[in-house]
Each structure stands twice: as structure tokens, then as C-alpha cells.
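Reader: I have a model open on my screen and would like to learn how to read it. Could you walk me through it, one feature at a time?

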Amino acid sequence: MRVQSSATEPITIAVGRKPNTTAGTLVAAVGVVAFSLTFPATAWGLEGFGPWSLVGVRSVLAALIAGSCLLALRVPVPARRHWAGLAVVAGGVVVGFPMLTTLALRTSTTSHAAVVVGLLPLTTALLSALRMGTRPSRTFWTAALAGAAAVLAFTVQQSGGSLSSADLYLFGSLLVCAAGYTEGGRLAKVIPGWQVVGWALVLCLPFSVPATVVALSYEPVHLTAHSVTGLLWVAAGSQFLGLVVWYRGMAMIGIPKASQLQLAQPLLTLVWSVLLLGEHLTVAAPLTAAAVLVCIAVTQRARG
């Protein structure tokens, strides 16, 4: 039978068959784990690279990986009607979010920066409702707001409740990333998720290559084990592989539900921050984790 999707185009579903939400949730969760390592890896990368150089090199490396896959598999160029959406993805998740969060992490700890990730699921769901006409249930919104409030309270408490110049970068990154996630999730319904990411990365190459050359000429580079590892992870893990599975997961279970899985991302980031960066973690973490997991369970069960 034919049903109307959350996008504007109808899709066909065989009678008696249901989407595999369990598989979609697992796929999206892998993306969340990959993203949770982004801030600690960026902090490592900043030990040897300037902020502009780090973002430029990671974008170029990720684009080379994506472009090689597209060429090897002889993937056709997307239709012209999809390029505007790909530009939004490129501006949001390839350039905007990495650049703004990297600038913020020069003066902010990863635990403080995690506040933007706490707000991201709610912002993504809001933009999804505006862009795609989705209407999640009241139960969904109640659980989403509760989860976002719990994460915000925890991350603000972790940072001592203080505000810094980095907050402007963080709130800006929140908006552009949510826009990129929303548009990428929409495109992933008609184009395989890894191709959405791949073409968005390739689209940035004419700008990222010269920008990287200029940045490297002005910012000194000191290669260390940490800086190289951090660079490789944000390029291959966060910028490419993480986005590939994330967009695939959103296409399988929907943008609003997938976005709520990110409520666990700040807590995972804080764990990595302790293990990799030696940051201090308070006893509030397990209480917040329990609250977040309850909210995630409710949003995953709530009908849109």
C-alpha cells in the first residue's frame, strides 16, 4: 500500500511489514558513539594544530576518503534538485559545526562544550517539524524537553554555571548542525546516507583546499601522537563514518526519534573526557545518565 512519508514524496510499504526500528536505532547509536569522541579528539588535535588548520585538514581528508569511495563505486552525481539540500548539509555539519566548536574548545573544556550536544536533539526535532511537517506526539515532546533539561542542568553544573565567549560559538554551532542533520536526514530517504555525506564533503573541496593552505601558512603545526590521532579521528571517524551511519539511522527511524538518542552523547563525551583528557567527573553523572536513559526510552516508544 502507499503511505505518505515525513517528506513530501509517498513511499511504498508492503502490507504486514514494519520498518526495522531496532536495527535503525542501533545504527543511529553507533553514530552517537562516534560523535561522542569528537570533542576529546578535537582537544587532542588542537595540541598540534591551530583551529583553522585543524578544521581545514579534517575536511580535506574526509573529502578525499568520501571522494575515493564515490569514484570507486562509480556513484552518479545527484540530481540538480538535491544540491541545495547538500549545500545545507555541507554548511552545517562539514564546515559550520566543526569550525564553531573548534573555536569554542580553545577556551572551553569538553564538558562545558557538551551543553551544545545536550540541546541538539531538541533543536533538530524542532527544525524537522518546521522543515518536513512532522508532528511528534505530546508524550514525545514532554520526554524530549525533560531529557534536554536534565542534560542542560548537568552540563551547566559541570562547568560551574559560568558563561564565556565560547558560548556564542556553541549556540551558533547548535543551529547550523541541527539544520544540517535535518536536511541530511531528509535527503537520506532518497539518497543513501553515505552518499549524502560524501557529496557534501566533495562539494566543500573547492573552498576547503585553498582555505587549508592559507591556514597552514599562518598557523604553526607541531605533530604529536595526540594531535595526529585526534586529527585522524575527527576526519575519518566523526566527519565521514559517523555521519554515514547517523544519516542511515535517521532514514530508518525518523529524524525526531533518532535525534533523541543524542541525549546520551554529552554523558559519553564526559566519560571520554575523563579517560582521555583527565577531566574531573562529579557524582551527578550516574543520576543524569539514569534520567536521560528513561527519556530516551519514552521518546523511542512514543508515536509520531
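Author: Gladly. Let us begin with contact, which means heavy atoms within 4.5 Å. Leaving aside residues up to four places away in sequence, alanine 114 touches Phe39, Thr155 and Pro266. A word on the ground rules: this is a predicted model, where local features need pLDDT of at least 70, side-chain atom pairs count only at pLDDT 80 or more, and totals for chains, interfaces and linings use all residues. Residues are numbered from 1 along each chain as its sequence is written, and side-chain values use heavy atoms, with hydrogens and water left out.

Reader: Which helix holds alanine 114, and is alanine 114 buried or exposed?

Author: Helices here are DSSP runs (H or I, at least four residues; strands are E, at least two), numbered from the N terminus. Alanine 114 sits in helix H5. For burial, the scale is relative accessible area: buried is under 20%, exposed is over 50%, and partly exposed is in between (1.4 Å probe, protein chains only). Alanine 114 has a relative accessible area of 1%, so it is buried.

Reader: How should I read the packing of H5 and H11, and at what angle do they pack?

Author: Axes are lines fitted to C-alpha atoms, for helices over the stretch in contact, and angles run from 0 to 180 degrees between N-to-C directions. Helix H5 (residues 110-132) and helix H11 (residues 265-277) have axes 9 Å apart, at an angle of about 160°. Angles under 35 degrees count as roughly parallel, over 145 as roughly antiparallel, 65 to 115 as roughly perpendicular and the rest as oblique. H5 is therefore roughly antiparallel to H11. On the H5 side the contact is made by Thr110, Ser111, Ala114, Val117 and Gly118, and on the H11 side by Gln265, Pro266, Thr269, Leu270, Ser273 and Leu277.

Reader: How many residues of the contact of H5 with H11 are nonpolar, polar and charged?

Author: The classes are these: Ala, Val, Leu, Ile, Met, Phe, Trp, Tyr, Cys and Pro are nonpolar, Asp, Glu, Lys and Arg are charged, and the others, Gly among them, are polar. In the contact of H5 with H11, five are nonpolar, six polar and none charged.

Reader: What about H4 and H8: at what angle do they cross?

Author: The axes of H4 and H8 cross at roughly 80° and come within 8 Å. H4 is therefore roughly perpendicular to H8. H4 supplies Trp83, Leu86, Ala87, Val89, Ala90, Val94 and Val95, while H8 supplies Val196, Trp199, Ala200, Leu201, Leu203 and Cys204. This contact of H4 with H8 has 13 nonpolar residues, with no polar and no charged ones.

Reader: And how do H3 and H8 cross?

Author: Helix H3 (residues 51-72) and helix H8 (residues 193-218) have axes that come within 7 Å and cross at roughly 140°. The two are therefore oblique to each other. Their contact has 17 nonpolar, eight polar and no charged residues.

Reader: Which residues touch the most other members of the largest nonpolar core?

Author: A nonpolar core is a set of buried Ala, Val, Leu, Ile, Met, Phe, Trp, Tyr and Cys residues joined through side-chain atoms within 4.5 Å. The largest one here has 60 residues, and Val93, Tyr181, Leu201, Trp246 and Tyr247 touch the most other members. Helix H9 (residues 225-253) gives the most to this core, with eight residues. Outside the four places on either side in sequence, the neighbours that tyrosine 247 touches include Val89, Val93, Tyr181 and Val197.

Reader: Could we finish with the loops: where are phenylalanine 49 and arginine 74?

Author: Phenylalanine 49 is in the loop between helix H2 (38-45) and H3. Its relative accessibility is 9%, so phenylalanine 49 counts as buried. Not counting residues up to four places away in sequence, phenylalanine 49 touches Leu54, Val221, Leu223, Ser227 and Leu231. Arginine 74 is in the loop between H3 and helix H4 (83-104). Arginine 74 counts as exposed because its relative accessibility is 76%. Arginine 74 also has a positive phi of about 55°, although it is not a glycine.
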